[in-house]
Amino acid sequence: MDKGWKTLIAITLVFCIGVNGLILAAGMNYPDGFALAGIQITSVYRYDVTLTGTGTAENVTLMIPLPSAGGDSPVGDAMVSGHAERIPADWTVEEVGAGDAVFLKITAPSLSFAGGPITFGTVTSASCLINTADPAGETCLLRPKENRREEDGVTYYTAPIYAVYEMPEGEGMGITVHLDGANTWRYPVLSGNHLRDTLTLAGGIHGGGWQTADGTLTVAIGKYSLI
């Protein structure tokens, strides 16, 4: 290898190391430095509802909290506009409520648990970066959140769920709502941060109407820099 090639290789290596060094330095400033470094952050909400039980529930009406902010719920909009996953054709799905109490209303002639739990939901792109470390009013969360308390970095709360249905005596329906708000990027491998918001009504009261479910919110999961 002649001297010219060696010089070119050395210059290229120095250039690459310098560029990556600048990117890593910018990547310590989240999220503004990411934009300066040309690293794209993708933000999405994943919303899933799981219904559990035995036998068959008849004449079902459910109202389940949606992730919302200021009365807006992009997840709810997606669910009612046909972008939901695993919604049976005989279900009627509506978005109801306002302010900090937006619900997914489901009416169904029957729900059979013969094949196991019933799960449905959607994945929706966020219009802006999700504040996963310190979510405030502009961040979509399961709402309303009542009786909040903090313990070991986790927020515990309660929220109402409406469930009316007909089932044999002694049987009931459990409802679990899961929201994951995530920001992801790739440099050099896939990485990111997220929050997790979960609401559980275990073994709901038979045809009980409005009931109190238990929730947990965990924030600041993952990375907030490139290294």
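This tour moves from the whole chain to selected strands, loops and aromatic rings.

**Before selecting anything**

The model is predicted, so local features need pLDDT of at least 70 and side-chain atom pairs count only at pLDDT 80 or more, while totals for chains, interfaces and linings use all residues. Residues are numbered from 1 along each chain as its sequence is written, and side-chain values use heavy atoms, with hydrogens and water left out.

**The whole chain**

Display the protein chain and colour by pLDDT (the predictor's confidence in each residue, from 0 to 100). The mean for the protein chain is 86, and 85% of its residues reach 70 or more. Next, select residues 4-27: here the pLDDT is below 50, and beyond near neighbours in sequence the stretch has 16 contacts in the model. Contact means heavy atoms within 4.5 Å.

In a cartoon view, the protein chain has three helices and twelve strands. These elements are DSSP runs numbered from the N terminus, with helices (H or I) of at least four residues and strands (E) of at least two. Of the 227 residues of the protein chain, 39% count as buried. Buried means under 20% relative accessible area, exposed over 50%, and partly exposed in between (1.4 Å probe, protein chains only).

Select residues 146-151 and 154-166, strands E8 and E9, which run antiparallel and are joined by four bridges. Two strands pair if DSSP finds at least two bridges between them. Glu146 has Thr158 in E9 as its bridge partner. The hairpin of E8 and E9 has two residues between the strands, and Asp152 in the turn has a positive phi of about 55°.

Tyr157 stands opposite Gly215 in E12. Strand E11 (residues 190-201) is joined to E12 by seven bridges, and these two strands also run antiparallel. Here the bridge partner of His194 is Ile221 in E12.

Now show the side chains of Lys145 and Arg149. Lys145 lies over the face of Tyr157, at 4.1 Å from the ring centre, and the charged end of Arg149 sits over the ring of Tyr156, 4.6 Å from its centre. A charge sits over a ring if NZ of Lys or CZ of Arg is within 6 Å of the ring centre and within 35 degrees of the ring normal.

**Two buried loop residues**

Select Leu66, in the loop between strand E2 (56-65) and strand E3 (67-68). Leu66 counts as buried because its relative accessibility is 0%. Not counting residues up to four places away in sequence, Leu66 touches residues including Tyr47, Val75, Phe103 and Leu142.

Move to Thr139, in the loop between strand E6 (118-125) and strand E7 (141-142). With 3% relative accessibility, Thr139 counts as buried. Not counting residues up to four places away in sequence, Thr139 touches Tyr45, Ser68, Ala69, Ile130, Asn131 and Leu195.

**Aromatic rings**

A search of the whole structure finds five aromatic pairs. Rings of Phe, Tyr and Trp (its six-membered ring) pair if their centres lie within 6.5 Å; planes under 30 degrees apart count as stacked, over 60 as edge-to-face and the rest as tilted. Select Tyr30 and Trp185, a tilted pair at 5.9 Å centre to centre with 45° between the planes. Both Tyr30 and Trp185 are buried.

Finish at Phe103 and Trp210, whose ring centres are 5.5 Å apart with planes at 70°, so the pair is edge-to-face. Phe103 in strand E5 (residues 101-112) and Trp210 in strand E12 are 107 residues apart. Phe103 counts as buried at 7% relative accessibility, whereas Trp210 counts as partly exposed at 46%.
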